[in-house]
Amino acid sequence: MTAFDVRPITEEERRGTFDLLRRALHSRPVPDDLWARVGESWPAAHKFGAFDGGSPIGIVSSYDTEIAVPGGRTLPVAAVEGVGVRADRTRRGVLSAMMAAQLADFVARGLPLAVLHASEPTIYGRFGYGSAALGKTLRLTRPAARFHERVATAGDVRLLTPEEAVKEIPGLYRRIGLHRPGMIGRPERWWPISHDRHVSGDGHLVAVHSGPDGDDGFVVYATINRRSFDAPDRGAVLDVHDLHAAGPAARAALWRFLLSVDLVSAVHARHRPVDEPLALMLTDHRHAATAAVEDDLWLRPVDVAAALAARTYRAAGPVVLAVTDRLLPANTGHYEIGPDGARRTGAAADLALDVDTLGMLYLGQWAATTLADAGRIDVRDAAALVRADELFTTTAAPWCGTSF
C-alpha cells in the first residue's frame, strides 16, 4: 500500500490538480491560453486531493448549487464535477479515502444531497450514489423528419453572436427555471468552462426563441462536416449540446429550427428527457430514433431525513422504509413516507434498501416494484410496493440537462 495524505487543496495547487484530472480522463494538460480563460472556474474551495509527498495523485471536486425535487422545491446540492486518480496509483484506496473526506465535508456543511455524472457506472454505488435520472440519445434524419401541421409553434428564432451568447444565455437559463425534478442551477463559475469556451473558441452556434413574453428558450449546437472524397454531397450533422425551453411551444420551435437548417442530413442530441415527445411531433415518428437510453444523473442522499422531507408524495397509504447507509451511519434507520411527508419512525419496516437504491427512487425515475424485481429492495410487505410506486411517482420524468 502506497502512503498518501488526503486534504483540501491550496490555491497554488489548482492548476496541478486540474492537469491531473485531465490526464486521468485522457486529455492533455491545460494550455496557458485555456487556463487563462477557465482557471477561475476551478477554485480551490470544495476540492480534496490525495498527495504522495508533495505530488498530487488524486482529486475530487464539487461545487454548491441547487436542485429541483418532486413537488417544485429546490434543495442545496453538491455537484461532484471532477474525480480522478493518477494511472499509477489506482486501486490502492486513494479514491475511497478522497470520497470519504468529501462526504464528511458535505455532512459538515449541511448539504442534504449530492449528484454527479458517472464516467464509469460501476464506481459510485459503493459510495451511496444511485442512478436517479436517465437520458436518451435522439437521431433525426433530414429532410424526412418533418413536423405535422398540428404542432403549434409561435414566435421567432434568431442566431446570436458568440459575444451575445456569453452575455445572454446565463440569464435566460435562470428565467426558464428549474421546472423538472433533477434540473440543477448553474452558478457563475459553471459558465466559462462549460459554455463560454464552446461558443467563443469551439465554434458552437446558439439560437434563441422569443415568444409573446420575450426570450423563452435556447439551443447550443455544433455543426459536424461529414463530406468526404467519396461522398462530397453528404450533409452535415447538427450535434445538440444544450436545449432548454420554458414551454412546449418554445421547445417545438427550436426543434423545428434545427430541422430547417439547409445542407444538413441529421440532427443528433444526447441526454434528452426520456419523455420528450419529439417523435410524436413528426409526420413519421420513425425519423426520430432513440439510439440509446443511458444513466445520466446519479444522486446520493447525504441527509436522508432532510431529503425525504423536502419532496412531495402522491396520495397512497404510508410506507415504512428501512434505509441502510454504511458510510454515513447516522442515516441508517426507519422512515415513514406518506402523502403528508416523511419522518423518522420506530415502526416496523415494509421495505428495506440501501442508500444508493434510495437515490434511485428519490426523483421518481424508477418504480419501487422495478427495484424490488432487480433485487435492490428487500420486500417485507408485498402490498407496500404498490403504495410506494404511487407515492414516489412523478408526472414528468426526472432530467438534469446540465453537464458538469
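**Figure 1. Arg380 and Asp378 pair through their side chains.** Arg380 and Asp378 form a salt bridge, 3.5 Å from N to O. A salt bridge here is a side-chain nitrogen of Lys or Arg within 4 Å of a carboxyl oxygen of Asp or Glu. Asp378 is partly exposed, at 41% relative accessible area. Partly exposed falls between buried (under 20% relative accessible area) and exposed (over 50%), with a 1.4 Å probe and protein chains only. This is a predicted model, in which local features need pLDDT of at least 70, side-chain atom pairs count only at pLDDT 80 or more, and totals for chains, interfaces and linings use all residues. Residues are numbered from 1 along each chain as its sequence is written, and side-chain values use heavy atoms, with hydrogens and water left out.

**Figure 2. Lys47 and Glu81 bridge two strands.** The whole structure holds 25 salt bridges. In one of them, the side chains of Lys47 and Glu81 meet at 3.8 Å, N to O. Lys47 sits in strand E2 (residues 47–52) and Glu81 in strand E4, so the pair links distant parts of the chain, 34 residues apart. Helices (H or I, at least four residues) and strands (E, at least two) are DSSP runs, numbered from the N terminus. Lys47 is buried, at 1% relative accessibility. Glu81 is partly exposed, at 23%.

**Figure 3. Asp242 and Arg186 meet in a buried salt bridge.** Their side chains come to 3.0 Å, N to O. Asp242 is in strand E10 (residues 236–245), and Arg186 is in the loop between helix H5 (162–176) and H6, so the pair ties together parts 56 residues apart in sequence. Both Asp242 and Arg186 are buried. A salt-bridge network also links Asp52, Arg86, Asp88 and Arg89.

**Figure 4. Pro192 sits in helix H6.** The helix covers residues 190–201. Pro192 is partly exposed, with 23% relative accessible area. Arg37 is 155 residues from Pro192 in sequence, yet their C-alpha atoms are 7.1 Å apart. Beyond neighbours within four places in sequence, Pro192 is in contact (heavy atoms within 4.5 Å) with Arg37, Val38, Ser41 and Arg197.

**Figure 5. The largest pocket has a volume of about 1600 Å³.** A pocket is an open set of points on a 1 Å grid over the protein atoms alone, where a 1.4 Å probe fits, with protein on both sides within 12 Å along at least five of seven lines; lining residues have an atom within 4 Å of a point. Grid points are joined across faces, edges and corners, and the volume is the space filled by probe spheres set on them. The lining has 50 residues, with His117, Ser194, Thr402, Ser403 and Phe404 nearest the centre. H6 gives the most, seven residues. By class, 22 are nonpolar, 16 polar and 12 charged. Ala, Val, Leu, Ile, Met, Phe, Trp, Tyr, Cys and Pro count as nonpolar, Asp, Glu, Lys and Arg as charged, and the others, Gly among them, as polar.

**Figure 6. Tyr362 belongs to the largest nonpolar core.** A nonpolar core is a set of buried Ala, Val, Leu, Ile, Met, Phe, Trp, Tyr and Cys residues joined through side-chain atoms within 4.5 Å. Leaving aside neighbours within four places in sequence, the contacts of Tyr362 include Val69, Leu75, Leu113, Leu299 and Phe392. Another core lies apart, with 26 residues, including Leu138 and Val267.
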